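This briefing goes through a helix pair, a set of paired strands and a few individual residues. Please keep the sequence and the coordinates at hand while reading the points below.

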Amino acid sequence: MIYEDVYEFLLKKASAKEIDIVLEMIKNTDWDGRLKIDLATLAKRVGTTKKYVNEVIHKFTSLTRGKRILKVDHTDSDFPYLMLLGKSSLLYSKADRYGKKFRFLYSEAFQTLSVYAKRILLSAVMEVSVAHSKKTNVSLDVSDFIYRNEVSTGLIPSRTVLYRTIEEINEAFNGKLEVSLATSFFLRKEIIRVSFEKSYLEE
């Protein structure tokens, strides 16, 4: 599962390739949060180099105390990294908000997307997971992605980038996953509509 703290980190603090790395990490952790994959295999699965993965690991273990997402624990010399995000399956509660680790998140099509495209799709994954149904369409508020205030800017910098990002997603998935802009007259707001083919919602 992609727990909400992981989701928030991916959405707001991770680069495009860091998103792939963290998704692969949470797929390969045990109940104690120990990363059970060697860095060479991790690099291969996310389409990058071991050198780059080492740089990202160093960054994740060196962030300011309280903001690190990995720590080093040498009690297991073969797998010395512990995830500080997410939680053990034993601690999972039905009240927790989470996203499912759908297989398309680990596909080459997803891994080659820009960070903006990944932010839209991760948000859609959270919504479709929360629905607890066979729902294949979700609507996201444009205002959640494009905004500017005194302390921060949006997850997508401009409407022009949003248009380009929607085209990028549609081209990458050849109609099996479609994104479009629409206006909700009921809600009186502009929305991003994401439609999944059922096969894309398999774990």
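In this predicted model, helix H1 passes helix H2 in a right-handed crossing. The contact between these two helices is made by Val 6, Phe 9 and Leu 10 on the H1 side, and by Ile 19, Val 22, Leu 23 and Ile 26 on the H2 side. The residues of this contact divide into seven nonpolar, no polar and no charged.

**Geometry of the H1 and H2 pair**

- Two packed helices are described by the angle between their axes together with the distance between those axes.
- For H1, which covers residues 4–12, and H2, which covers residues 16–27, the axes come within 10 Å and cross at roughly 165°.
- Angles over 145 degrees count as roughly antiparallel, and H1 is therefore roughly antiparallel to H2.

**Buried residues in helices**

- Asp 20 belongs to helix H2, and with a relative accessibility of 2% this residue counts as buried.
- Leaving aside residues up to four places away in sequence, Asp 20 touches Val 46, Phe 110, Gln 111 and Lys 118.
- Thr 61 lies in helix H4, which spans residues 50–62, and its relative accessibility is 18%; because the cut-off for buried is under 20%, Thr 61 counts as buried.
- When residues up to four places away in sequence are not counted, the residues touched by Thr 61 are Arg 68, Leu 70, Lys 71, Val 72 and Tyr 81.

**Strand pairing around S7**

- Strand S5 (residues 137–141) and strand S7 (residues 189–196) run antiparallel and are joined by five bridges, with Leu 140 having Ile 192 as its bridge partner in S7.
- Strand S6 also pairs with S7 in the antiparallel sense, over eight bridges, and here Glu 178 has Ser 195 as its bridge partner in S7.

- Most residues other than glycine have a negative phi.
- Asn 174, by contrast, is a residue other than glycine with a positive phi, near 50°.
- Is Asn 174 buried or exposed? With a relative accessible area of 66%, Asn 174 is exposed, since the cut-off for exposed is over 50%.

Terms used. Residues are numbered from 1 along each chain as its sequence is written. This is a predicted model: local features need pLDDT of at least 70, side-chain atom pairs count only at pLDDT 80 or more; totals for chains, interfaces and linings use all residues. Side-chain values use heavy atoms; hydrogens and water are left out. Axes are lines fitted to C-alpha atoms, for helices over the stretch in contact, and angles run from 0 to 180 degrees between N-to-C directions. Helices (H or I, at least four residues) and strands (E, at least two) are DSSP runs, numbered from the N terminus. Angles under 35 degrees count as roughly parallel, over 145 as roughly antiparallel, 65 to 115 as roughly perpendicular and the rest as oblique. A crossing is left-handed if the near helix is turned anticlockwise from the far one by less than a right angle, and right-handed if clockwise. Contact means heavy atoms within 4.5 Å. Ala, Val, Leu, Ile, Met, Phe, Trp, Tyr, Cys and Pro count as nonpolar, Asp, Glu, Lys and Arg as charged, and the others, Gly among them, as polar. Buried means under 20% relative accessible area, exposed over 50%, partly exposed in between (1.4 Å probe, protein chains only). Two strands pair if DSSP finds at least two bridges between them.
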